[in-house]
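Hi,

Here is the structure I promised to pass on.

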Amino acid sequence: MEKINILWADDEIELLKPHILFLREKGYDVATANSGDDALDLVKEQSFDIVFLDENMPGISGLETLVKIKQIRTDLPVVMITKSEEEHIMEDAIGSQISDYLIKPVNPNQILLSLKKILENKRLIREKTSSAYQQEFRHIGMTLSDRLSFQEWKEVYQKLVFWELELGRSREEGMEEILKMQKSEANALFSKYVANNYQDWLNGKDPKAPLLSHTTFKNRVVPEIDKSETTFLVLIDNMRYDQWKVMQPIISEYFKVDTEELICSILPTATQYARNAFFAGLLPSEIEKRYPKHWLNDEDEGGKNLHEEFFMMEQLKRLGKDVKSSYTKVTNFQAGKKLAENIPNLMQNKFNAIVYNFVDMLSHARTEMEVIRELADDEKAYRSITVSWLEHSPLLDILRQISERKARLILTTDHGTIRVTEPSKVIGDRNTNTNLRYKQGKNLNYEKRDVFEVRNPADIFLPRQHVSSSFVFAKEDKFFAYPNNYNYYVNYYRNTFQHGGISLEEMLIPFITLSNK
């Protein structure tokens, strides 16, 4: 470890010799100053890792010195030491961005603890996190070798996301690579699990079937409507569980989380299927049969999610919820601002549904725009850009207003997304849909080991466009590529975020209920 350079400024520095000798014996370099002015001169001339600063010195005070030190080097940690416990001095010091605050008399161990907390905090956390994940790695590995229930799969995914965020924060790259491999193994096994059980879930043959897109509104949203004068449902399109976890601290400034669970998106994990099913309370083939004028298939012209409000109102009616409701879809910044202005009026309704499309737009932009490709090059960057968006979007203002007015909040999504890395060749006719994670068409030709194939769409409640139509869903992090212009296609889409297929990231999605603090 490189030597750490400390500057200690105190007008009674002679009395602190035992402390300074103690620190030098521990391997630290310590420079001293008798006044604020001397301290500032030394900061300008030398490179220090940390400053211990007496609050009450003759000449310029400790607080004045602190402000000037920060003007010279904003990143330099400063520990304020004072005889006074007056609240206003503490507040002034904290407001000036001190790293720690000690009350005289200080003992050497207090100083040492402060140093480790500030300067070695990241290293200690990194080592502890790495060690803890190594133990968890073995446990998760043993769990994956079992025949898991859906509940157990949820727990595995929650653990993987937890460690992904922890290792990401500690920048332990070696461990992050191991986690990536373990997540890949988990996705391979999860894909097999879904392929083996999905049909039984939809046909009611599995008593432990997960809560799915089409059953969530009835079983989770409607019970919430009765708990408050006004309930808001905010569905952020294409929001993964890990994105919710990094947004949670921001949202928790206004709300407390009452419940958090993972529900399961239907297949295809694409907006036109999963979100229509959510609002209709029906599976796609049931929607097509009941509302033929309101359903469009992949090869039909026109928008595929234009009737969500109609589907929602019909479902509320079917469920006996004759309540004053609204539905708003936000697809751009201006629409978000307009909605924020309208929140006071929406408080007159019993139930308000809001679909916020930003995360979906981001993932598509990630594919289409070179700048976004560079900004969101990996999972960590993708999460980071989502947090940055939330902090500067009208949505945060909308959530703040909902909290201030003491309305209940439900936060969820329609499906997640996965960063695709491995191409899988597919051949279809010109009517085959363009999605990279699922294909629907006649006479499809594909690598069977890479997909979950459904020859009869009716088996999983999907509309059949032609007599010979079938569906295939890409497993794990595969994406479909046509043999024509193969290399260009693969290079263009590899490492982009896609949805429509089978993976933990796409199918296991957050459903959160919140109340104001």
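A contact, as I use the word here, means heavy atoms within 4.5 Å. Among contacts in the chain between residues at least 6 apart in sequence, 74% join residues at least 24 apart.

Before you go further: this is a predicted model, where local features need pLDDT of at least 70 and side-chain atom pairs count only at pLDDT 80 or more, while totals for chains, interfaces and linings use all residues. Residues are numbered from 1 along each chain as its sequence is written, and side-chain values use heavy atoms, with hydrogens and water left out.

On to the overall picture. The chain has 20 helices and 19 strands; these are DSSP runs numbered from the N terminus (helices are H or I, at least four residues; strands are E, at least two). Its C-alpha atoms fill a box of roughly 90 × 55 × 40 Å along the principal axes. Of the 517 residues, 55% are buried, meaning under 20% relative accessible area with a 1.4 Å probe, protein chains only.

Next, a sheet. Five strands make an open, parallel sheet in the order β2-β1-β3-β4-β5, where two strands pair if DSSP finds at least two bridges between them. β2 (29–33) and β5 (100–103) are at the edges with a single partner strand each, so one side of each has no neighbour in the sheet. Further in, 4 bridges join β1 (residues 5–9) to β3 (residues 50–54), and Ala-9 has Leu-53 as its bridge partner in β3.

Then there's a pair of helices. The axes of α9 (residues 213–225) and α11 (residues 271–280) come within 6 Å and cross at roughly 35°; axes are lines fitted to C-alpha atoms over the stretch in contact, and angles run from 0 to 180 degrees between N-to-C directions. Ser-213, His-214, Thr-216, Phe-217 and Val-221 in α9 meet Ala-274, Ala-277 and Phe-278 in α11.

Finally, have a look at Ser-503. Is Ser-503 buried or exposed? Ser-503 is buried, with a relative accessible area of 0%. You'll find Ser-503 in the loop between β18 (497–498) and α20 (504–507). Leaving aside neighbours within four places in sequence, Ser-503 is in contact with Asn-187, Phe-190, Ile-418, Arg-437, Glu-476 and Leu-508. A 2.6 Å polar contact also joins the side chains of Ser-503 and Glu-506 (a pair of N or O atoms within 3.5 Å; within protein, one must be able to donate a hydrogen and the other to accept it, and residues adjacent in sequence count only if both atoms are side-chain atoms).

Cheers

Technical notes. Buried means under 20% relative accessible area, exposed over 50%, partly exposed in between (1.4 Å probe, protein chains only).
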